[in-house]
Amino acid sequence: MPATARRVLITGVSSPLGARLARRLADDPAVEHVVGVDDRRPPEDLAQRIAYVEADLPSGRLASALKLAAPQVVVHHDVVQFPEPGRTARSLHDLNVVGTLQLLAACGELPGLQALVVRGSAAIYGSEPDAPAFFTEDLAPAGPAGATRFQRDIGELERLVAAFARRRPAVACTVLRLQPVIGATLDNPIMRLFRAPVVPTFLGFDPRLQFVLDEDAIGAVAAAVHRPVRGAVNIAGAGTVSLARTLHRLGKRTLPIAAPLYGPTVAALARLGGLPPMGDDVVRYLRHGRGVDTTRMERDLGFTPSHTTAQAIDAVAAAERRREAAAA
């Protein structure tokens, strides 16, 4: 963290990970003041420890709140990393792109801003059959390319941040490209699938997957607050694990399905309640996987996750077994 950076503002502070990040920073002796922004009130224990501003990012009503808070570091945590089934593409675009645009416009009015940290997504790389084994940060698609609407939105979000960085060269702008975050207490598309009684897989496909444990996702953002670096940084646990080994470690039964029948079969199972709804980005990830290179994370950000990808999977599996035993 820059020597004078004592005030931190966090968007999306009422989400489970946003609240945990705020608690961590509130406990940090190097942080004098934490301001949380969200359209939902944070948990009561957190609301008593931070300043809370009720605001909806796409509404564009942030400027006055940010001027009053005068943060030296802004953490944009209110970014969806995998599209939630049931949310329209338009609503996701409004949050990820329009919300980011409004936040950056408000940040442009902050003369004392020193760093901007954006919790982005490795979904910017997509999941393709001809992808490299490990994406480095310079391999993100240029321009509006992308196989899915969500991937294109993440790319547009990053282009907005890059434009802001050019306008405000004194502000260190960091975009953390997180691989899918897993954790026993999380409720996201990947964890819902891992809790399903059976997991549909593509017959003949066993992609390499890479994850980051929830506590390490929080640690990476906190590390960027303390040591902002310019540009994109991949965030993931070391190594990859095949889908088959992942599901074996989790003790899950699989349902191999031929590719032409995958969509209709999954949709039918979802209607019957046997599967959570699955968006296109999750389906592509389960078919082709994705790996990212984390050299810059360790070298420039100075952060090494406490769990490898395999250890993160095992930690989730152990927690799920304890939860099931307690419920029995």
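I looked up which element gives the most to the lining of the second largest pocket, and found that α5 does, with seven residues; helices here are DSSP runs of H or I with at least four residues, and strands are runs of E with at least two, numbered from the N terminus. The model is a predicted one, in which local features need pLDDT of at least 70 and side-chain atom pairs count only at pLDDT 80 or more, whereas totals for chains, interfaces and linings use all residues. Residues are numbered from 1 along each chain as its sequence is written, and side-chain values use heavy atoms, with hydrogens and water left out.

**Second largest pocket**

I noted a volume of about 300 Å³ for the second largest pocket. A pocket is an open set of points on a 1 Å grid over the protein atoms alone, where a 1.4 Å probe fits, with protein on both sides within 12 Å along at least five of seven lines, and lining residues have an atom within 4 Å of a point. A volume is the space filled by probe spheres set on the points, which are joined across faces, edges and corners. Of the 21 lining residues, I124, E158, R159, A162 and R177 are the closest to the centre, and the elements giving two or more residues are α5, β6 and β11. I divided this lining into 12 nonpolar, four polar and five charged residues, counting Ala, Val, Leu, Ile, Met, Phe, Trp, Tyr, Cys and Pro as nonpolar, Asp, Glu, Lys and Arg as charged, and the others, Gly among them, as polar.

**Helix α5**

I then followed α5 itself, residues 149–167, which reaches 27 Å from its first C-alpha to its last, close to the 27 Å expected at 1.5 Å a residue, where the expected span takes one less than the number of residues. Its buried residues include F150, I154, L157, E158 and V161, buried meaning under 20% relative accessible area with a 1.4 Å probe and protein chains only. Among the elements that cover the buried residues of α5 are α4 (89–107), β6 (172–178) and β11 (231–235).

**Largest pocket**

For the largest pocket I recorded a volume of about 770 Å³ and a lining of 32 residues, with S15, V79, V80, E84 and R119 nearest its centre. I found that α1 (16–26), β5 and α6 (189–194) are the elements giving two or more residues to that lining, which divides into 15 nonpolar, eight polar and nine charged residues.

Note on methods
Buried means under 20% relative accessible area, exposed over 50%, partly exposed in between (1.4 Å probe, protein chains only). Contact means heavy atoms within 4.5 Å.
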